[in-house]
Amino acid sequence: MSHSSPNHGDRRGQRPGLVVIHYTGMADAASALARLCDPVAEVSAHWLIEDCGRAHALVCETRRAWHAGAGQWQGRCDINSRSIGIELANPGDRPFAAPQMAALRDLLRGIMSRWQIGPDAIIAHSDMAPGRKIDPGPRLDWEALAREGLAIFQRASGADPDLPLGPSLDRIGYPACDPATRLAAFRLRHRPWGTGPEVPADRRTAARLAAMMAPAHGHP
C-alpha cells in the first residue's frame with residue numbers, strides 16, 4: 001500500500017548502499033503511520049511493515065528519508081543519504097509476527113535486487129548508533145534472514161580465532177565508541193543471549209564475521 005510522507009529530501013549525491021531496519025517503538029501501526037507522515041514530527045522511513053504483513057511505501061527509495069539520525073557505519077556518515085529505512089511496527093517488547101517477517105524478507109529481496117545491495121549491508125539501527133538506539137532489538141531473527149542471504153549472522157565455534165574484539169568490530173563496520181557500548185551493540189544484533197563482560201565467544205563471533213567482510217570499506 002502507498003502512503004505519502006512529506007518528510008524527505010535530496011540524497012545529497014549519494015545512492016542507497018545500506019538498508020537500516022528499525023522497530024517503531026509505538027503502541028500500534030496506525031500510530032506509527034501517522035507519526036511517520038506528520039510534517040511536524042520530521043521523521044520518516046521508506047517503508048513501514050505492519051505485524052499482519054501489510055507494507056506501506058512512505059517515501060520513494062530514490063529520496064532521502066529521515067529515519068537513521070546521527071551515526072556511522074563502515075566509516076560513512078550521513079546514513080540517511082546512503083540508506084533505505086524499514087520500520088517494523090512493534091512496541092519493542094514482543095516478538096515479530098511471522099507475517100511481518102515474511103513481508104520483510106520479500107521487501108529485502110526487492111530492495112537488494114533494485115540497488116545491488118549485499119547481505120552485509122543490511123544493518124540494525126543499533127549497529128550504526130551504539131548506545132543511542134537499540135532497535136530493532138534482540139527479538140529480530142537475524143539468523144533466519146541470513147539463511148536466505150538477506151543479512152549476515154554467524155555462530156562461532158572453538159575453531160574460530162580468538163582475536164581482539166576492537167579490530168574485528170572496526171572491520172565489520174561499528175563506529176568508534178567506548179568498548180562496553182560497542183560490545184552491547186554487537187551483542188544486541190549477533191549474540192543477544194550474551195551477558196556480562198566480554199568473553200571468547202564474542203571475540204570469535206566477531207572475528208568470523210569480520211572475515212566475511214570486503215577487504216576494504218570506503219571513507220566518509
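In which helix is Asp 202 found? Asp 202 is found in helix α8, in a predicted model where local features need pLDDT of at least 70, side-chain atom pairs count only at pLDDT 80 or more, and totals for chains, interfaces and linings use all residues. Residues are numbered from 1 along each chain as its sequence is written, and side-chain values use heavy atoms, with hydrogens and water left out.

## Asp 202 and its surroundings

With a relative accessibility of 0%, Asp 202 counts as buried, a term that stands for under 20% relative accessible area, as against over 50% for exposed and partly exposed in between, with a 1.4 Å probe and protein chains only. When residues up to four places away in sequence are not counted, Asp 202 touches Leu 165, Leu 183, Phe 186, Arg 187, Arg 191 and Pro 197, contact being defined as heavy atoms within 4.5 Å.

## Helix α6 and its buried face

Helix α6 spans residues 165-172, and its buried residues are Leu 165, Ser 168, Leu 169 and Ile 172. Because these residues fall within an arc of 100° when seen down the axis of α6, they line one face of the helix; the arc is that of the directions from the helix axis to the C-beta atoms. Helices (H or I, at least four residues) and strands (E, at least two) are DSSP runs, numbered from the N terminus.

The cover over the buried residues of α6 includes α7 (179-190) and α8 (200-212). After α6 comes Gly 173, which has a positive phi, near 135°.

Axes here are lines fitted to C-alpha atoms, for helices over the stretch in contact, and angles run from 0 to 180 degrees between N-to-C directions; angles under 35 degrees count as roughly parallel, over 145 as roughly antiparallel, 65 to 115 as roughly perpendicular and the rest as oblique. In this contact, Leu 165, Gly 166, Leu 169, Asp 170 and Ile 172 of α6 meet Arg 182, Leu 183 and Phe 186 of α7.

Between α7 and α8 the packing angle is about 75°, with the axes 11 Å apart, and the two helices are therefore roughly perpendicular to each other. Here Leu 183, Phe 186, Arg 187 and His 190 in α7 meet Asp 202, Thr 205, Ala 206 and Leu 209 in α8. For α6 and α8, the angle is about 35° and the axes lie 8 Å apart, and the residues that meet are Leu 165, Ser 168, Leu 169, Arg 171 and Ile 172 in α6 with Asp 202, Arg 203, Ala 206, Ala 207, Leu 209 and Ala 210 in α8.

Leu 48 belongs to strand β3 (residues 47-49) and is buried, with a relative accessible area of 0%. The C-alpha atoms of Leu 48 and Leu 88 are separated by 5.9 Å, although the two residues are 40 residues apart along the chain. Beyond its neighbours within four places in sequence, Leu 48 has contacts that include Thr 24, Arg 54, His 56, Leu 58 and Glu 87, and also Ala 29, Ala 32, Leu 33 and Leu 36.

In helix α1 (residues 29-36), Ala 29, Ala 32, Leu 33 and Leu 36 are buried. These residues cover an arc of only 100° around the axis, which puts them on the same side of α1. The buried residues of α1 pack against β3, β4 (55-57) and β6 (83-88).
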